Protein chains: 2
Amino acid sequence: MLAKELVAASTVPLVLSVLTEGENYGYALIQRVRELSGGKIEWTEGMLYPVLHWMEKEDLIESEWRDAETGRKRKYYRLRKEGRKALREEKQQWMNVHETLTKLWQPNPSST
Amino acid sequence: MLAKELVAASTVPLVLSVLTEGENYGYALIQRVRELSGGKIEWTEGMLYPVLHWMEKEDLIESEWRDAETGRKRKYYRLRKEGRKALREEKQQWMNVHETLTKLWQPNPSST
DNA sequence: TTGACAAGCATAGCAATGCAAGGCATAACA
DNA sequence: TGTTATGCCTTGCATTGCTATGCTTGTCAA
């Protein structure tokens, strides 16, 4: 199971990223992320829904209740302009850290 | 400035990784990480020292007080076996998330 | 010789928050 | 009619992050 800090750091960027695939609803986001990560990332509803609410309050995403084909009601989320901007920033920050880590993960240089 | 979640998620792996370069002390770790990140990652002493203490308690690292050339006392840390193991795991987890994110960051496939 | 700054380590304390647990409703199926 | 999967939501409090603060020693300038 993933360390909780890593889960915390990746939740918002992952939600934003998955929504670039098109609108989606909470329950399906959990499954989509599980699928993309090969089962490595397992979100709970208790942690995701509050994050979605917060992201909506921040105008990163917007929601709409709709009937699914199944007759069931679902709350679909989609990206807003602010969300796309936030995603670009998150991506940049992630890459900053990633590049710093990968520098250190190179095989030790024998000279320099 | 980096989002605090990202800082939290990367602190332990960064400390472990920097220590693969050789032993080092707290104050210098802050500067080394600032340097490696091109100034993007700015740690404070108040967040780093407690992390170092925790890592030592967990046997990931060990410490030794020594006099520096300057005459000043420094607490040098170095990796322990447990720490190398932890680093391998942290690295794996980081890559799991990174790969999931980069899948989503590919240019949108027009077909599939 | 004093005072200001950099180097260096440490932790108390409490505001902020993560998320397990629990709750509710409907559909499908046995 | 009982169970499982789908689907959304929130309370509550234990845990934790980190700001703020404090201490020492060395150096350098005025």
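Predicted model: local features only at pLDDT ≥ 70, side-chain atom pairs only at ≥ 80, totals over all residues.
1. A residue counts as near a molecule or strand if its C-beta atom, placed from the backbone, lies within 6 Å of it. Residues are numbered from 1 along each chain as its sequence is written, with chains lettered from A and ligands numbered from 1 in the order in which they are written.

2. Elements, for what follows, are DSSP runs numbered from the N terminus: helices are H or I runs of at least four residues, and strands are E runs of at least two. Chain A has 4 helices and 3 strands, and from the N terminus on they run α-β-α-α-β-β-α.

3. The surface near DNA strand D draws on both chains. Two or more residues each come from α2 (26–36), α3 (45–57) and β3 (73–79) of chain A, and from α1 (4–19) and α3 (45–57) of chain B. With 5 residues, α3(A) gives the most to this surface. For the classes, Ala, Val, Leu, Ile, Met, Phe, Trp, Tyr, Cys and Pro are taken as nonpolar, Asp, Glu, Lys and Arg as charged, and the others, Gly among them, as polar. The surface near DNA strand D then has 10 nonpolar, 8 polar and 6 charged residues.

4. DNA strand C has 25 residues around it, of which A:Lys4, A:Gly46, B:Tyr25, B:Gly26 and B:Tyr27 come nearest. At least two residues of the surface near DNA strand C are supplied by each of α1 (4–19) and α3 of chain A and α2 (26–36), α3 and β3 of chain B. Here α3(B) gives the most, with 5 residues. By class, the surface near DNA strand C has 10 nonpolar, 8 polar and 7 charged residues.

5. In chain B, 3 strands form an open sheet in the order β1-β3-β2, with antiparallel pairing; two strands pair if DSSP finds at least two bridges between them. The edges are β1 (24–25) and β2 (61–67) of chain B, each with a single partner strand, so one side of each is left without a neighbour in the sheet.

6. The bridges of the chain B sheet can be followed residue by residue. β1(B) and β3(B) run antiparallel and are joined by 2 bridges; B:Tyr25 has B:Tyr76 as its bridge partner in β3(B). β2(B) and β3 (residues 73–79) of chain B pair in the antiparallel sense over 7 bridges. B:Ser63 is partnered by B:Tyr77 in β3(B), and B:Arg66 by B:Arg74. The hairpin of β2(B) and β3(B) has 5 residues between the strands, and in it B:Gly71 takes a positive phi near 95 degrees.

7. The chain A sheet is also open, with 3 strands in the order β1-β3-β2 and antiparallel pairing. Its edges are β1 (24–25) and β2 (61–67) of chain A, each with a single partner strand, so one side of each is left without a neighbour in the sheet. β1(A) and β3(A) run antiparallel, joined by 2 bridges, and A:Tyr25 has A:Tyr76 as its bridge partner in β3(A).

8. Two residues are in contact if their C-beta atoms, placed from the backbone, lie within 7 Å. α1(B) lies across β1, β2 and β3 of chain B and runs at about 95 degrees to β3(B). Axes here are lines fitted to C-alpha atoms, for helices over the stretch in contact, and angles run from 0 to 180 degrees between N-to-C directions.

9. The contact between the chains takes 27 residues from chain B and 27 residues from chain A. On the side of chain B that touches chain A, α1 and α4 (81–105) of chain B are the elements giving two or more residues. The largest share, 11 residues, comes from α4(B). By class, this side of chain B has 15 nonpolar, 8 polar and 4 charged residues.

10. On overall dimensions, chain A has a radius of gyration of 17 Å, whereas a compact globule of 112 residues would have one near 13 Å. The radius is taken over C-alpha atoms, and the globule rule is 2.2 Å times the number of residues to the power 0.38. Along the principal axes, the C-alpha atoms of chain A fill a box of roughly 65 × 30 × 20 Å.
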